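Thanks for making the time this morning.

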Amino acid sequence: MRGLLASSIGVTCAAALTLPLTLPTAAHAAKPEVRESVPGTTQSLPLTPLSAPGTSTRSATPQQQGQAQEQGLPRRDVRPFSLVGVVWDNPNAQLHGQVQVRTRTTGTSTWSTWQDVETHSDDAPDPDSAEHASSTLRGATAPLWVGDSDGVEVRVKAEEPPAGTRAADPAAEPLPKGLRLELVDPGEEPAAGAESEGARGATLTAETAAASAVNADLAPLGATAIPALTKKETEDEVIAARGADADATKARPYVGPRPRIITRKGWGADEKLRERQFGYTKTVKAAFVHHSASGNNYRCSQAPSVIRSIYRYHVKSSGWRDIGYNFLVDKCGNIYEGRAGGVTKPVMGAHTLGFNTNSTGIAVLGTFGSSNPPAAAVNAIARLTAWKLGLYGANPRGTTYLKSGGGNLYKKGKNVRLKVISGHRDGFATECPGRRLYKKLGTARSSSARLQGR
């Protein structure tokens, strides 16, 4: 498989290295801001105390803001947005508390009920990675998709940290410093015809061409989707990549048929947002399944907008080099390319803190703690893993060992035995991928193995 995995890297790396480096800046102005004039926008609004005794929200000092048990924003009009999240200065600080928002649908007077925002921040770069060391990195909640809105209200209330996690300093602030509300507008939908298999005649920017070229063996440059292959076609492709004669080879590889994958071009990624270079690990030994925790209130036709919003939130708000997940799946079972670098390649993601090395991350768009994941999404996990893991000889029903990079379940350097298809919670103490989706992973493993021919 090495030939297929490496064949297009050399062609594109030189081009990728010439691209401009675009990373978020640490902006903490008191007024709302739009950080750059590119498709889509991010409004960043500082939170202020809601319960500091004897202090108005306008006159609160920075010290009083840090000591407030509750911070937020009263109802206010804002520019249109569709996704919300809360960030703070220290990426290693945890937000022990409750974050709730309510929003007003654009052009109406209708306000939603209070919605909870998941406060986990464990989808993240590994502790010792260059991405984690970046000065732009911030702590962040999960993003929440709210749909087209132009009004917002938020409240963040501190609570006692879990036993054993209390800060060593008894005077430590109840909430992290620098809390800001991030309001993301995903920008315009891709042009009509974005679901076609190619983009003949389209003019590509250098950044878009570089992101597309790493998939050049699978689809034309600028393609909006990588077409599906039959099992035999996929097997023949793998055998040919290994330098063997497909007709003369008796032992067929255990690999599932390649599924159709909507590319970054297909979901409308603004390639100028991400870091210019691609990051790789050595292999893919396991797949971690996540839910995006962004809510289930989206139509499948809106999935590209949801992904563009998450992408922008990960890069511009959280300070990551690119979207954290390697792949994403919507409720209708459509599969999307995530972090740039090539869908067959061992691209280093930022999805499972401590276990991003030698793994791939798959996020199902939605929240599945109390809601069942659609059968189409579970089937898509099986189809994607049967193919992706098959490229690296991994058995979906099997187990493997990964070395922990450090986290709240396993100390750094520990070799951990994990299922080849694991849930996020298997590598980190978190609710992700939600109780209901986690229960479906056994079904996904069995289906994936069958698709591989095991």
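I will begin with the cysteines and then turn to one of the helices.

Please keep in mind throughout that what you see is a predicted model. The count of disulfides in this model comes to one, and the bond joins Cys 300 to Cys 332, with a sulfur-to-sulfur distance of 2.0 Å. The angle about the S-S bond is 95°, and the link between Cys 300 and Cys 332 is right-handed. As for where the two ends sit, Cys 300 lies in the loop between strand S11 and helix H8, while Cys 332 lies in the loop between strand S12 and strand S13, so the pair ties together parts that are 32 residues apart in sequence.

Are these two cysteines buried or exposed? Cys 300 is buried, at a relative accessible area of 18%, whereas Cys 332 is partly exposed, at 44%. Another cysteine, Cys 432, is buried with a relative accessible area of 0%.

Let me move on to helix H11, which runs over residues 441–452 and has twelve residues. From its first C-alpha to its last, H11 reaches 16 Å, close to the 16 Å expected at 1.5 Å a residue. Several residues of H11 are buried, among them Leu 441, Ala 444, Arg 445 and Ser 448. What covers the buried residues of H11 includes helices H6, H9 and H10, together with strands S11, S16 and S17. Just after H11 comes Gly 453, which takes a positive phi of about 90°.

Definitions and conventions
Residues numbered from 1 in each chain as written. Predicted model: local features only at pLDDT ≥ 70, side-chain atom pairs only at ≥ 80, totals over all residues. Heavy atoms only, no water. Disulfide = S-S within 2.5 Å. Helix = DSSP H or I, 4+ residues; strand = E, 2+ residues; numbered from the N terminus. Buried < 20%, exposed > 50% of the residue type's maximum accessible area, 1.4 Å probe, protein only. Expected span 1.5 Å × (residues − 1). Contact = heavy atoms within 4.5 Å.
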